[in-house]
Amino acid sequence: MDENMREVISDLKSYLQYLKGMGITSLPVSENISEKVIRPEILTLADVRKELGDCKRCKLHQTRRTIVFGEGNERATLMFIGEGPGYDEDVQGRPFVGKAGQLLTKIIESINLPREDVYIANIIKCRPPQNRNPEPDEIESCNPFLMKQIRVIQPKIICALGAFAAQTLLKTDTKITALRGKFFELEGIKVIPTYHPAFLLRNPERKREVWEDMKKIAEWLNNAQRKGHSA
Ligand code: URA
């Protein structure tokens, strides 16, 4: 703990002792105290976007048209993370807006959630040339921003779309067929991998497994909500 923090805690302790001496033994938690004050390391998505700026941290900035930051509900309980922007996303600056994106929207709606209620992001925010796989230095440059988005949103569950997203988030090289439909954790947040919608467009017979994974997500969220309400 650094000296400043020690001083803040000591001041706070003295102040609480002073209040106690005045007969005040409990404090109302004001809704005006923003999360920023309580946890200064947690920002807003707008802060994260601002920090990202006109990012030139990796070579993808040379070929991208637009930074695809992510979109959706800042308070989403469910977050989807894909691989990286493709052509349509690069043009529009929004994640999952091409053919695979349209299928993702249907997948989300299959559990009675409008797309606007979830948050959608990618492992990397700039389109790789010819949609090649993202390279390790590109992932490394982008990862701190994705992690900040996750920490701001604090979803209850993350659905990793496809092998690339699942393996990157879970730091594993286990095959997606073995990962999908299982629950993992990242910084205390549940992670469930499933197949990427682009893979489903090429292999429609695998859609059933994704519907099953989505049902698991819905069930898990319902249980979490029930527990939250009864707490
Ligand atoms: N594929 C992805 O992984 N992400 C997108 O945003 C679009 C297609």
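A backbone N or O atom of F96 sits 3.0 Å from an oxygen atom of the ligand, which makes a polar contact (a pair of N or O atoms within 3.5 Å). The model behind this is predicted: local features need pLDDT of at least 70, side-chain atom pairs count only at pLDDT 80 or more, and totals for chains, interfaces and linings use all residues. Residues are numbered from 1 along each chain as its sequence is written, and side-chain values use heavy atoms, with hydrogens and water left out.

| Residue | Protein atom | Ligand atom | Distance |
|---|---|---|---|
| F96 | backbone N or O | oxygen | 3.0 Å |
| G84 | polar backbone atom | nitrogen | 3.0 Å |
| H196 | side-chain N or O | oxygen | 2.9 Å |

On its own the ligand has 230 Å² of accessible area, and the protein covers 91% of that (Shrake-Rupley method, 1.4 Å probe). Around the ligand you will find G82, E83, G84, E89, P95, F96, N122 and H196, each with a heavy atom within 4 Å of it. This shell holds two nonpolar, four polar and two charged residues. In this grouping Ala, Val, Leu, Ile, Met, Phe, Trp, Tyr, Cys and Pro are nonpolar, Asp, Glu, Lys and Arg are charged, and the others, Gly among them, are polar.

Where does the ligand sit? The space it takes is the largest pocket, with more than half of its atoms within 2 Å of the pocket's grid points. A pocket is an open set of points on a 1 Å grid over the protein atoms alone, with protein on both sides within 12 Å along at least five of seven lines; a cavity is a set where a 1.4 Å probe fits but cannot get out, and lining residues have an atom within 4 Å of a point.

The largest pocket holds about 610 Å³ of space. Of its 30 lining residues, E83, G84, A100, H196 and A198 are the closest to its centre. By class, the lining has 15 nonpolar, nine polar and six charged residues. Helix α9 gives the largest share, four residues, and α4 (87-92), α5 (99-109), α7 (162-170) and α9 (197-202) each supply at least two.

The largest cavity contains about 110 Å³, and of the 15 residues lining it, C55, C58, K125, C126 and C142 are the closest to its centre. Its lining divides into eight nonpolar, two polar and five charged residues, with the largest share, three residues, coming from helix α6 (residues 136-153).

Definitions and conventions: A polar contact is a pair of N or O atoms within 3.5 Å; within protein, one must be able to donate a hydrogen and the other to accept it, and residues adjacent in sequence count only if both atoms are side-chain atoms. Grid points are joined across faces, edges and corners, and a volume is the space filled by probe spheres set on the points.
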